[in-house]
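Student: I am new to this structure. Could we go through it and ask how each description is reached?

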Amino acid sequence: MCGEGSTQTGFSGNCAAGFKAVSDDAVINAMAEEVYRQNCKINPDEASQALYKAAAAKYGTDQSGDLPGNRTVSLGPEKFDTSDALGTGGGACLPDKTVVVMDRSITIPFGGICPYLGYLGNVLLAVSFLLAARIVMRG
C-alpha cells in the first residue's frame, strides 16, 4: 500500500484515554481500534489491579467458604446407586398390563422381558460411566 499520495499511518492511545488508528483504510482503522478495545477489556489496567490486590489483602482470595449451605462433598464410586438403573421399583418386574380394546381384554406380559430390561439397565449404566470417564479424561 505504498505509493504516491499515501499519508502517515500510526496507532496511538491507551486503555484509559482511548485508542486512535490513522491510515488510508477505514476498515483497518476500525478493526485495529476494536482489537485494542477488546484487549483493554481482557487485560485490566493498573488501577483495577491495585483495587483487586487491596480487596484480596483485606478479605482473602477464597470467598466461597462464607456462602450459605456451603459444604465439602466427597464423590466416588460408592456414592452411585447402581441397584436399579431403569427405575423399575428396586429390581421388581413391571406388572402385566391389561388393556381393553373393542370390548376385548388383552394382557401384555411384561414378565417375559424383565430379565432383558435388567441387562439393558446394566449396559446403559456401563455406557454412561464410560462416557463420563471420556469427558473427564479429555480435559
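**Reading the labels**

Tutor: This is a predicted model. A nonpolar patch takes at least two residues from each of β3 (97-101) and β4 (104-108).

Student: What makes the nonpolar patch, and how much accessible area does it have?

Tutor: The patch consists of V99, V101, M102, I106 and I108, which together have about 450 Å² of accessible area on the surface. Nonpolar side chains are joined into a patch when they lie within 5 Å.

Student: Why is V101 called partly exposed?

Tutor: V101 is part of strand β3. Its relative accessibility is 38%. Buried means under 20% and exposed means over 50%, so V101, at 38%, counts as partly exposed.

Student: How do you know that the span of helix α3 is close to the expected one?

Tutor: Helix α3, residues 114-138, has 25 residues. The expected span is 1.5 Å times one less than the number of residues, which gives 36 Å for α3. From its first C-alpha to its last, α3 reaches 36 Å, close to that expectation.

Student: Which residues of α3 are buried?

Tutor: They are C114, G121 and L125. In the chain, buried residues make up 7% of the 139 residues.

Student: In what order do the elements of the chain run?

Tutor: The order from the N terminus is β-β-α-α-β-β-α, with three helices and four strands in the chain.

Technical notes
Residues numbered from 1 in each chain as written. Predicted model: local features only at pLDDT ≥ 70, side-chain atom pairs only at ≥ 80, totals over all residues. Heavy atoms only, no water. Buried < 20%, exposed > 50% of the residue type's maximum accessible area, 1.4 Å probe, protein only. Patch = residues over 30% accessible without salt bridge, like charges linked within 9 Å, V, L, I, M, F, W, Y side chains within 5 Å. Areas by Shrake-Rupley, 256 points an atom, 1.4 Å probe, with all protein chains shown as cover. Salt bridge = Lys/Arg side-chain N within 4 Å of Asp/Glu carboxyl O.
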